[in-house]
Amino acid sequence: MVIQRTFRRRIFTNFFVVFSIFTLAVLGYQYDREKSYRTGQLENKLDNISEVAHRYIEHKKIFETGDFKSLDTLKSLLPIENTRLTIMNMDGKVLYDSFVADVKHIENHLLRPEVQKAVHSGKGSSIRVSQTTNQKFYYYAKNCKNYVVRTAAVYNVDIIKFLKTEHFFLFFVVFLFLLMWILLHYTTRRLSDFIIKLKDFALKAGLNEDISKMDSNFQDNELGVIRRQIIQIYDNLKTAKDELTGEKEKLYGHLQVLKEGISIFSPEKHKILANSHFIQFINMISDKSTISAEHIFSIPEFSKIVEFVDQYRGQDIQAQHKELPQIEYTIEKSEKFFQLRCIIFVDKSFEVLISDVTRPEKQRLLKQQLTSNIAHELKTPLSSIKGYLETLINNQSIPIDKQRYFLEKAFAQSERLTDLLNDISLLNNIEDAGGLFEFKPLMLKPVIRDVIENLKSRLTNKNMEYRIEVDNEVVVNGNESLLFSVFQNLVENSINYSGDNTVISIRKYLEDDKFYYFQYADSGNGISEEHLPRIFERFYRVDYGRSRENGGTGLGLSIVKNAILLHKGEISVRNRVEGGLEFLFSLSKK
Ligand code: ADP
């Protein structure tokens, strides 16, 4: 394995270099010691020779006689072979030299370093290459008061000799070196084995493999501690990751149940997450079928968001959460209203929220329309009442029967006003406070009977017949007064608009586990098809004049529809083939 080899080699080389330097240093030190020891020995010998020569000169009184040649007899007696003996006076003039017969031509020796030292401090030595023999000499000069005795021996304290003489020491060092080498080899192998194990361990941890069951053959030393630390860090990371995943899943689950479409994007406009509503909404907003959330940036309806995000791209956002830059606007697409919102976070990632505000938006528009409709509807009876009363006040001479006529008319208009207000309030209650109506199991037949009873005289006046095919078993979960209103409005409409001699029928035609299905029909003229889709709208009348004549408010069928919806049912209307109008509706059993 590459890592193992490099690592081992590196440790091994480092140790090897350090140990080699150490060995060489020891050898160098030993060599130096040996050299100074030998030099000392040599100097000692040369000093003895000088002393011998000095005594000989003194004894034979040679300095006085000048017979320096007689010193030649000493040559053979000297302990070191080839020792050069030179005698010079205190001015440096050579008086005798054992190597040179004619000393007259020898140059003055006063400036020789060893001679200088001897003249000034009694004795001196120097190692130099001899100009005569080209050999390295150890010169030793001694001051003998009237003259200087200088001895010189070939200087050969060299490495070769040293190596020759220090056999044992060298063997010892080499042995130590080899021993260290083996030890080093063994130690680095062990160390690299541990490191490799540790590396495998860390790699497995990095790959998210379960490391707790891995071979734990780590000794209880620093490596063991590292292993334990890795496990600890791994465990901590795993726990943190698991917790994060859990939180993320929770968040994601939460996002999925939200009614809003939500998606979060990175600053580079890459999707980080999007819930299913988001995908559904962008598919509704986009003209082409979209799959991915990233597609919103090419949908024209989102261009404001793209501009907004691009505008903040290069800017620093240092805002508290509540002050984060955001944009909000409403768009309309295929009769639906969507509110789009974009919030940019500090790290430039951003969130796009889409809410379907169709219902509230439509309701808002409807309420707006309704308010103006109500105002309009109220104005008509009110201005009539005002007109009648004004006439009465301004014309006191009006005959009494005429006065009564005006008062009756005003009263009728006030009745109409009351009806209108009652209907408006009932509708508002159904819409906004549906929960306040009490629902309980209710037998439907008596309710229908009461309605018929209530309108019996008017039915008779129009020579109308009725057929009720709802038996006593039909029990719905309902509110009595609302259901009364439903049938009252339907039957009243038939009385008002179906014409004379018609037949009304109320029939339960089907039932299933949850619902009863009813048909309400009359045999009148029905409604021309173009009006049919709108007749459940508030204040919508086919024939305004006729409706007013009959005291209609234009709210009857709206009340019917909303009451049925509050009963969890549905209602539709159509013209019957055989003539007349037919309503099909369902009412919940439970
Ligand atoms: P209104 O107070 O005018 O009766 P509704 O909402 O009850 O208001 O009815 C809306 C319109 O539908 C009526 O104005 C009428 O023109 C028409 N209509 C309702 N019921 C019938 C019916 N049974 N036959 C013919 N037209 C009807």
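Predicted model: local features only at pLDDT ≥ 70, side-chain atom pairs only at ≥ 80, totals over all residues.
User: Why is glutamate 222 called exposed?

Analyst: Its relative accessibility is 61%, and exposed means over 50%, so glutamate 222 counts as exposed. Glutamate 222 is found in helix α7, residues 222–257. Between glutamate 222 and valine 474 there are 86 Å in space, C-alpha to C-alpha, and 252 residues in sequence.

User: Why is asparagine 275 called buried?

Analyst: The relative accessible area of asparagine 275 is 0%, and the cut-off for buried is under 20%; therefore asparagine 275 is buried. Asparagine 275 sits in the loop between β7 (271–274) and α8 (276–285).

User: What makes the pair of glutamate 260 and asparagine 275 a polar contact?

Analyst: A polar atom of the asparagine 275 side chain lies 3.0 Å from the backbone oxygen of glutamate 260. The limit for such a pair is within 3.5 Å, and 3.0 Å meets that limit.

User: How do you know that the span of helix α6 agrees with its number of residues?

Analyst: Helix α6 covers residues 167–206, which is 40 residues. The expected span is 1.5 Å times one less than the number of residues, so α6 should span 58 Å. The end C-alpha atoms of α6 are 57 Å apart, which agrees.

User: Which residues of α6 are buried?

Analyst: Among them are Phe169, Val173, Leu184, Phe194, Ile196, Leu198 and Phe201. The buried residues of α6 also include Thr188, Ser192 and Lys199.

User: What makes β10 mostly covered?

Analyst: Strand β10 has seven residues, 350–356, and six of them are buried.

User: How do you know that β10 pairs with β6 and with β9?

Analyst: Pairing takes at least two bridges between two strands. Five bridges join β10 to β6 (residues 261–265), and seven join β10 to β9 (residues 336–344), so both cases qualify as pairs. The strands run antiparallel in the pair with β6 and in the pair with β9. Leucine 340 stands opposite isoleucine 354, and phenylalanine 338 is opposite aspartate 356.

User: What makes β8 and β9 a pair?

Analyst: Eight bridges join strand β8 (residues 326–333) to β9, and at least two are needed, so β8 and β9 pair. These strands run antiparallel. Isoleucine 327 has cysteine 342 in β9 as its bridge partner. The hairpin of β8 and β9 has two residues between the strands, and serine 334 takes a positive phi near 45° there.

User: Why is the phi of lysine 348 worth a remark?

Analyst: Most residues other than glycine have a negative phi. Lysine 348 is not a glycine, yet its phi is positive, about 75°. Lysine 348 lies in the loop between β9 and β10, a hairpin with five residues between the strands. Lysine 61 also has a positive phi, of about 50°, without being a glycine. Lysine 61 is placed in the loop between α1 (2–60) and α2 (62–65).

User: What makes a residue part of the shell around the ligand, and how many residues surround the ligand?

Analyst: The ligand is surrounded by 17 residues, and the closest are Asn493, Tyr497, Asp522, Ser547 and Gly554. By class, six residues of the shell are nonpolar, eight polar and three charged. Helices α13 (480–497) and α15 (556–566) each supply at least two residues of the shell. The largest share, three residues, comes from α13.

How values were computed. Residues numbered from 1 in each chain as written. Heavy atoms only, no water. Helix = DSSP H or I, 4+ residues; strand = E, 2+ residues; numbered from the N terminus. Buried < 20%, exposed > 50% of the residue type's maximum accessible area, 1.4 Å probe, protein only. Near = heavy atom within 4 Å. Nonpolar A, V, L, I, M, F, W, Y, C, P; charged D, E, K, R; others polar. Polar contact = N/O pair within 3.5 Å; in protein donor to acceptor, adjacent residues only side chain to side chain.
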